[in-house]
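Here is a friendly note to read with the model open beside you. Take the points one at a time, and look up each residue as you meet its name.

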Amino acid sequence: MSLLAAFSICKVAKDAAGVAGNVFAFGLFVSPIPTFRRIIRNGSTEMFSGLPYIYSLLNCLICMWYGTPLISADNLLITTVNSIGAIFQFVYIILFLIYAEKAKKVRMIVLLVAVLGVFAIILVGSLQIDDILMRRFFVGFLSCASLISMFASPMFIIKLVIQTKSVEFMPFYLSLSTFLMSTSFFLYGLFNEDVFIYGPNGIGTVLGVTQLILYFYYENKSRENSREPLIVSYV
């Protein structure tokens, strides 16, 4: 196989992994829709928190900026997926603000302004770095840290599942989408030789596998328990 043919295959594989990552990420972006249907139906945010959407917005904005040609080359699919993600998070935040109580609303507005301010500082600050490699390292490090924090957040759910021995709080399709998206972008990063992409997504893949294993384990346990006789003899 010639070097040119190998390069072509690698590029096709990278693009395929990136497109797949975009598709699977869409599953994650639409996952809060049932929650917001309930919020709209009840006219209240109840006990729901808006923090996940604020944090996801910051993560999407940083990763979107990293994927632009001004920061890293040939990462357009990173920009597209995070641009779509940022739009979704903005919509969720606006809906949350509409139905939130006054105290929550004020806190969310303050956090939103803070997130936009932090992103503006990152954007302007990175453009002040003339060395393109240092600029890429600076933004890449921030995007990597943000992604790792995002992928680590399900650790609380994993702990809850183990404690309660129930998968009620860990939706299967959300865990599956996380695993598929992380795996796709892990491969994308490998093909593109970009440690700032394959590093955090490799961690996300491991955590996704862990969630799926726990899901099937406790789901089978609950089925086995449901087969036990309901009438207990106290002889």
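1. **A loop to begin with.** E193 sits in the loop that joins α8 (172-191) to α9 (195-226). Helices here are DSSP runs of H or I with at least four residues, strands are runs of E with at least two, and both are numbered from the N terminus. The phi angle of E193 is near 55°, a positive value in a residue other than glycine. E193 counts as exposed, at 69% relative accessibility. For these words, buried means under 20% relative accessible area, exposed means over 50%, and partly exposed lies in between, with a 1.4 Å probe and protein chains only.

2. **What kind of model this is.** This is a predicted model, in which local features need pLDDT of at least 70, side-chain atom pairs count only at pLDDT 80 or more, and totals for chains, interfaces and linings use all residues. Residues are numbered from 1 along each chain as its sequence is written, and side-chain values use heavy atoms, with hydrogens and water left out.

3. **The overall plan.** How many helices and strands does the protein have? There are 9 helices and 0 strands, so the order of elements from the N terminus reads α-α-α-α-α-α-α-α-α. Of the 235 residues, 38% count as buried. Contact means heavy atoms within 4.5 Å. Among contacts between residues at least 6 apart in sequence, 75% join residues at least 24 apart.

4. D74 is not a glycine, yet it has a positive phi of about 60°. Look for D74 in the loop between α3 and α4. Is D74 exposed or partly exposed? At 47% relative accessibility, D74 counts as partly exposed.

5. **α3 beside α4.** Helix α4 covers residues 76-99, and it packs with α3 at an angle of about 155°, their axes 8 Å apart. That makes α3 roughly antiparallel to α4. Axes are lines fitted to C-alpha atoms, for helices over the stretch in contact, and the angles run from 0 to 180 degrees between N-to-C directions. Angles under 35 degrees count as roughly parallel, over 145 as roughly antiparallel, 65 to 115 as roughly perpendicular, and the rest as oblique. The crossing of α3 with α4 is left-handed. A crossing is left-handed if the near helix is turned anticlockwise from the far one by less than a right angle, and right-handed if clockwise. On the α3 side the contact includes C60 and C63, and on the α4 side it includes I78 and N82. By class, the residues of this contact are 12 nonpolar, 7 polar and no charged. Ala, Val, Leu, Ile, Met, Phe, Trp, Tyr, Cys and Pro count as nonpolar, Asp, Glu, Lys and Arg as charged, and the others, Gly among them, as polar.

6. **α3 beside α5.** Helix α3 (residues 51-66) packs with helix α5 (residues 102-127) at an angle of about 15°, with the axes 10 Å apart. The two are therefore roughly parallel to each other. Their crossing is right-handed. Among the residues that meet are L58 and W65 in α3, and F119 and L123 in α5. This contact divides into 18 nonpolar, 1 polar and no charged residues.

7. **α3 beside α6.** Helix α6 (residues 132-152) packs with α3 at an angle of about 145°, with axes 9 Å apart. Here α3 passes α6 in a left-handed crossing. Y55 and N59 are among the α3 residues in the contact, and R136 and S143 are among those of α6. The contact has 9 nonpolar, 5 polar and 1 charged residues.

8. The structure holds 0 disulfides, a disulfide being a pair of cysteine sulfur atoms within 2.5 Å.

9. **The surroundings of C63.** C63 lies in helix α3. Leaving aside residues up to four places away in sequence, C63 touches I78, N82, S143 and L147. C63 and I197 are 134 residues apart in sequence, and their C-alpha atoms are 9.5 Å apart in space.
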